[in-house]
Amino acid sequence: MPKFDVSKSDLEGLIGKSFTVEEWEDLFLYAKCELDDVWEENGEIYFKADSKDTNRPDLWSAEGIARQIRWALGIEKGLPGYNVEKSDVTVYVDEKLKDIRPYGVYAIVEGLKLDEEALKQMINLQEKVALTFGRRRREVAIGVFDFDRVKPPLYYRAAEKTEKFVPLGFTEELTLEEILEKHEKGREYGHLIKDKPYYPLLVDSEDKVLSMPPVINSEITGRVTTETKNVFVDVTGWDLRKIMLALNVVVTALAERGGKIRSVKVVYPQNIDVYEASVIIEDLLGKHKPEDVWIKGMLDWPVVDTPDLTPKSFEVELDYIRKLAGLELSDGEIKELLERMMYEVKLEDGKAKLLYPAFRDDIMHARDVLEDVLIAYGYNEIEPEEPRLAVQGRGDKFVEFEDAVRELMVGYGLQEVMTFNLTNREAQYSKMHLPCAEHPDECSNYFNHPPSELVEIENPISPKWSALRNWLLPSLLDFLSQNTHEEYPQKIFEVGKATLIDEGRETKTVSESKLAVALAHPRVTFTEAKEVLDSVMRHLGFEYELEEVEHPSFIPGRVGKIVVRGKAIGIIGEVHPTVLGNWGLEMPVATFELFLRPLYTEPYL
């Protein structure tokens, strides 16, 4: 969870009211934070804020915390209002970037008065958003520049690797390739673009470099100081909706410092590929005239104004709030509580029709609204009731068994990962070199690794998340593919669910618990994976056999099925080079995967 430092006096200046340190312990709860530490430095009191919500990047700075508390205390109510004035600034996006880092969104914030604390909060916010919400800049990278040093229009373009500029913190020009090798940020984030034919650059009309997203800003324009009055904000990435949200978070935080937001026109090339097209188009059609957007597998969207601070809408049943809250709240009381959490509320036919700020993207279910009602009401104000149950609760024994297996694997020096159950057919079949990608009935030859059919979602929100996984190994390879820049050896495991077809059940599916292990380093072999498997089986008290099989995901002759009591429960082997190539992995990988239910006995371990 994100942690960051905030100054007590800075927070109170943004709120317009002073509080004791003891009062601050409760106030942080309104912003879904905990007060982790308090200390004094040069006569100033500082807090260590520990955010408990990774879906609320708007609360990862002093500005966001102070704004939330102002509303929660009733100092302000309803929907926050931010005016966005149009500027005459345009950014042109290069078509060559569509397979490198295709999207950029921008804004100008003018009239800022930045002291040292405000400057620290601005830098902290962009770093936290890019690190956590942006997955270490892979999905979101943010740059803030001194706009008075920039000459519009600007160009987000593909650059040759031999081009030069002075990166932030340096005094000499380096080529783009040299920056990836010599600059600290280049070594840390260079892997995100290193294998691309071009590197992205943001430049102005005089070809003066602002930044090389997602790596480093320019020393000339990218150094913002307390003397800076006007800033240009740049956010790049692969998911248009995600970078729009990040831009909204940053510019509204700066507006809390008295800044005036101005929009920027972004001109995209014709026929740029759409990432998660169905989601983006649906979102756009909700905010723009239908004739402005059309789609035939591509997006033709020549000009966009960013940021877009149009409020978002949601609807919730008032009785649902009362029932789950366990509180006798009137309609008016629910409305007042929601207004204190920055909603605009219209009560109609037993429902609350809501508008909420564009810097939030966490309202996906009525329970999310319920949580805001309870935060505004105050968790400490709710009287606990002992449940009246005719039975006595206890932990599920199989869940305890799964936890014990996790502890066992950690004891072997493996790192646990937790990946998504949602996936897609390409990841489960095509990338795994399985010919049954289009003919799932053929997968029955592979003794349920993976099972013969994939449970697919009829109306997925994204092609990337269109099915429930039926084996875990693709998820582990995906994890390894996103961490090729980290040190080796990498030894990981997951205890997770695989969803299988079961016609005998009401839902026609069943979720099975599985253990998967992946070992990646230059000298890894089948034998090393088998040594881990031997230890697991010995510790669980089971004998097993290995039977040689053929499986396209593994190297011939280095793969076997795991058999316990005459039944195949898993597979072990060295991953096939074709599969490694499909996932962008250069290191060999040895792995095994097995069902846990056949290994469960009471008492266990």
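Visitor: Why is Asp349 called exposed?

Guide: Buried means under 20% relative accessible area, exposed means over 50%, and partly exposed is in between (1.4 Å probe, protein chains only). Asp349 has 71% relative accessibility, so it counts as exposed. Keep in mind that this is a predicted model, in which local features need pLDDT of at least 70, side-chain atom pairs count only at pLDDT 80 or more, and totals for chains, interfaces and linings use all residues. Residues are numbered from 1 along each chain as its sequence is written, and side-chain values use heavy atoms, with hydrogens and water left out.

Visitor: Where does Asp349 sit?

Guide: Asp349 is in the loop between strand S17 (344–348) and strand S18, which covers residues 351–356. Helices (H or I, at least four residues) and strands (E, at least two) are DSSP runs, numbered from the N terminus.

Visitor: What makes the phi of Asp349 worth a remark?

Guide: Most residues other than glycine have a negative phi. Asp349 is not a glycine, yet its phi is positive, about 55°. Asp207 is also not a glycine and has a positive phi, of about 60°.

Visitor: Why is Thr221 called buried?

Guide: Thr221 has 0% relative accessibility, so the label is buried. Thr221 lies in the loop between strand S12 (216–217) and strand S13 (231–237).

Visitor: What does Thr221 touch?

Guide: Contact means heavy atoms within 4.5 Å. Setting aside residues up to four places away in sequence, Thr221 touches several residues, including Phe145, Arg149 and Val209. The side chain of Thr221 also reaches the backbone oxygen of Val209 at 3.4 Å. A polar contact is a pair of N or O atoms within 3.5 Å; within protein, one must be able to donate a hydrogen and the other to accept it, and residues adjacent in sequence count only if both atoms are side-chain atoms.

Visitor: What makes the buried residues of H12 one face of the helix?

Guide: The buried residues are Phe398, Phe401, Glu402, Ala404, Val405, Leu408 and Met409. Seen down the axis of H12, they fall within an arc of 160°, so they line one face. The arc is that of the directions from the helix axis to the C-beta atoms. The face turned away from the buried side carries the exposed residues Glu407 and Gly411.

Visitor: What covers the buried residues of H12?

Guide: The cover includes strand S23 (490–501), strand S24 (509–520) and helix H15 (526–540).

Visitor: What caps the N-terminal end of H12?

Guide: Asp396 does: one of its side-chain oxygens lies 2.9 Å from the backbone nitrogen of Phe398. Just after H12, Gly413 has a positive phi of about 85°.

Visitor: Why is helix H1 called mostly covered?

Guide: Helix H1 (residues 8–15) has eight residues, and six of them are buried. Among these are Leu11, Leu14 and Ile15.

Visitor: Which peptide bonds are cis?

Guide: Most peptide bonds are trans. The bond from Pro152 to Pro153 is cis, with omega near 0°, and a cis bond with omega of about 5° joins Thr306 and Pro307.

Visitor: How do you know that the protein chain is as compact as a globular protein of that length?

Guide: The chain has 16 helices and 28 strands. Its radius of gyration is 27 Å, close to the 25 Å that the globule rule gives for 605 residues, so the description holds. The radius is taken over C-alpha atoms, and the rule is 2.2 Å times the number of residues to the power 0.38. Of the 605 residues, 53% count as buried.
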